[in-house]
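Here's a quick briefing to read alongside the model. Have the sequence and the 3D view open as you go.

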Amino acid sequence: MSGPLAVVRRLGAMVTDGIWRLGFAARFFGLMLLYSGQSFTRLHLTIREIYFGGVLSLLIIVVSGLFVGMVLGLQGYETLQRFGSGDALGVLVALSLTRELGPVVAGLLFASRAGSAVTAEIGLMKATEQIRAMDMMAVNPIARVVAPRFWGGVISMPLLAAIFTAMGIFGGWLIGVVFIGVDEGAFWSQMQNAVDFRYDVMNGVIKSVVFGVAVSLIAVFEGYDCTPTAEGVSRAITRTVVSSALAILALDFVLTSFMFRGTS
Amino acid sequence: MSRTTLDLWVGFFVVIGMAALLFLSFRVGNLAGTSFTDTYVVKAQFDNIGGLKVRAPVKSAGVVVGRVGSISFDTHSYRAEVVFTIGTGFEFPRDTIASILTSGLLGEQYIGLDPGGDIEMLESGDSLQITQSAVVLEKLIGQFMFDRAATPSE
Amino acid sequence: MATLPDNPLVRLQDVRFAYGEREILRGVNLQVRRGQVVAIMGGSGCGKTTLLRLIGGQLRARSGLVEVGGRDVSRMGRSELYALRRRMGMLFQFGALFTDVSVFDNVAFPLREHTDLPPELIRDLVLMKLNAVGLRGADRLDPAELSGGMARRVSLARAVALDPMLVMYDEPFAGLDPISLGVIGQLIRRLNDALGASSILVTHDVHESLEIVDYVYFVSDGRIVAEGTPEDIRGSRDPFVHQFVNAEADGPVPFHYPAPPIAEGFLGRSAT
């Protein structure tokens, strides 16, 4: 019966392929860290990537953050006021954003906007032999093209997550205090009491840094490793977005279970 | 896009990113408030800590003066040992009483300090002698029913 | 040309190469002397580009010797290989210009990366190189605005920016109009002589190459099947060379891809 056996065999091949690719990516990561010196000695390379990755993502981050915060305000109030705890809206909005929604949603947006752009850039450079030309001109393409994009992403991510969270809290305030009429004093004071800098804000920042590393690594790797054809590049871009999303969600679970074990 | 314009935008981006982080730390979180840089350590033993958790506040007269550091079980005295820190600026007499109180009706529990009259102040590592445990709801109800049963109803 | 020193700049000896199971080169022997322009010709997919990659150190031969400037390329570490590549220039098939920067920045790239020259001097050098290829006025353009021939010329200017000792061309004539063909051909020869360099052309454009090269190698089936000066080639009676030079449809390189006999193919039964 070749039907189910073939399926099992294909599944096995996919798993071994995936593990091989993971090892390959790990080696690539090591190589990139090795050649990262230029990203900082020639800072303008990295600054350029912070512009294209971070600054150009500002619009979508700010708008999305605002909307997410506003929705949190609406939904949150609707549920809280059933228990007479409408005043706790600030706490709900702030904790949801700083701990989870800020890093995760900003990470997903960053992956789809900036990550896919980086993969496309590097992939197209590969397809049009620009990478090979650079290599032949004795310029290390990993140091010159890949590493600055990686570090640009790692630096941009936490900043974008913080901006997203701040905009979200503003959106929550806008809906809760300005439109619905929750007491402004209670909104902020309860929030300040409940949100701990080290526990909530710093953990959120740590998460966004980890997500930044994961997304940037996936983006540059998929671009550098793609088949150098038009179809290869488009497939690599899809893989970047999908893998980044899965990585963010999986890492979020791992980090959350470490960080927020619940005070014993 | 010339280099200088690029640098400008990136600088702008980093500035608002940092501003957002500062906003989150100070206005949203409690960075300015309760993070004491210099603290000293005090211990106390309780019969029952109730729902007291690590990092719960230590208050006196309603103002936060410290934080609970760790909670453990003492196998010699069969009581709960709570180690907490108090900000260096707040000195308490050695006969201060520590009680476990609840904020609000069903809120979280915290340690309340009632200063005594001793001339000597607590040093780092000292233990408080007099403590009042948390109120356990079952015992309270049991006590109430016992009192009711003891008092003949008119 | 007759008084050149004897040691060749590039030497390939018994070079074998395969992509996985597929053998591409089965023992290639060739050399390039200093100051020579050499053409490597052959049908598509015969391994010509692979030869360039082996010389440039982008690929490692399975066996055999690849020598450039007297040093074995396969034994070189990364920094030594990069030092060698700084003295080589390569023109890729479609130009491979950096699409995110201008023509000027493309040509300036190797100068900025490998030298500490001040911006004014770099500017002069870039404009000189562009002038040599006739595109000094195009320095502000974007690569996207260039025609195929112009892009290739800019790429050529970039390849010779550091005055290399060896210039390699991957299909420099492919897809160009007759005027551009002539221009590129003349540029290749003139730049080679002006720089005192050696050049290797990988191409299948017979007519244009024979006008400008000093020596030709024919690659077929992973081996050098014929070689000689342009005169030798034009007068050659070797069937492969003859088919190639005269553009015959059938000969040593067959027209038909291997297939079962016609009777079997169309009528579905083995021919008796």
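This is a predicted model: local features need pLDDT of at least 70, side-chain atom pairs count only at pLDDT 80 or more; totals for chains, interfaces and linings use all residues.

Residues are numbered from 1 along each chain as its sequence is written, and chains are lettered from A and ligands numbered from 1 in the order in which they are written. Of the 2 pairs of chains in contact, A and B share the most contacts; a contact here means two residues whose C-beta atoms, placed from the backbone, lie within 7 Å.

**Who touches whom**

- On the A–B side of things, 23 residues of chain B are in contact with 26 residues of chain A.
- Two elements of chain B each give two or more residues to that side, α1 (3–28) and α2 (31–34); helices (H or I, at least four residues) and strands (E, at least two) are DSSP runs, numbered from the N terminus.
- The largest share of chain B's side, 15 residues, comes from α1(B).
- Sorted by class, chain B's side has 13 nonpolar, 6 polar and 4 charged residues; Ala, Val, Leu, Ile, Met, Phe, Trp, Tyr, Cys and Pro count as nonpolar, Asp, Glu, Lys and Arg as charged, and the others, Gly among them, as polar.
- Chain C meets chain A too, with 14 residues of chain C in contact with 10 residues of chain A.
- For chain C, the elements giving two or more residues to that side are α2 (78–85) and α3, and α3(C) gives the most, with 4 residues.
- The side of chain C that touches chain A divides into 8 nonpolar, 3 polar and 3 charged residues.
- No contact joins chain B and chain C; their closest C-alpha atoms lie 11 Å apart.

**Chain B on its own**

- Chain B has 3 helices and 8 strands, and from the N terminus on they run α-α-β-β-β-β-β-β-β-β-α.
- The domain assignment (bounds come from an automatic or database assignment) gives domain 1 (1–33) and domain 2 (36–142) in chain B.
- The centres of those two domains of chain B, taken over C-alpha atoms, are 40 Å apart.
- Of the 154 residues of chain B, 21% count as buried; that takes 20 or more other C-beta atoms within 10 Å of a residue's own, with 12 or fewer making it exposed and anything in between partly exposed, C-beta atoms being placed from the backbone.
- Among contacts in chain B between residues at least 6 apart in sequence, 62% join residues at least 24 apart.
- I141(B) sits in helix α3 (residues 137–150) of chain B and is exposed, because it has 10 other C-beta atoms within 10 Å.
- I141(B) and T88(B) are 53 residues apart in sequence and 40 Å apart in space, C-alpha to C-alpha.

**A helix pair in chain C**

- Helices α3 (residues 103–114) and α5 (residues 148–159) of chain C pack at about 25 degrees with their axes 8 Å apart; axes are lines fitted to C-alpha atoms, for helices over the stretch in contact, and angles run from 0 to 180 degrees between N-to-C directions.
- That angle makes α3(C) roughly parallel to α5(C), a label for angles under 35 degrees.
- V103(C), N106(C), V107(C), F109(C) and P110(C) in α3(C) meet V154(C), A157(C) and R158(C) in α5(C).
- By class, that contact of α3(C) with α5(C) has 6 nonpolar, 1 polar and 1 charged residues.

Conventions:
Angles under 35 degrees count as roughly parallel, over 145 as roughly antiparallel, 65 to 115 as roughly perpendicular and the rest as oblique.
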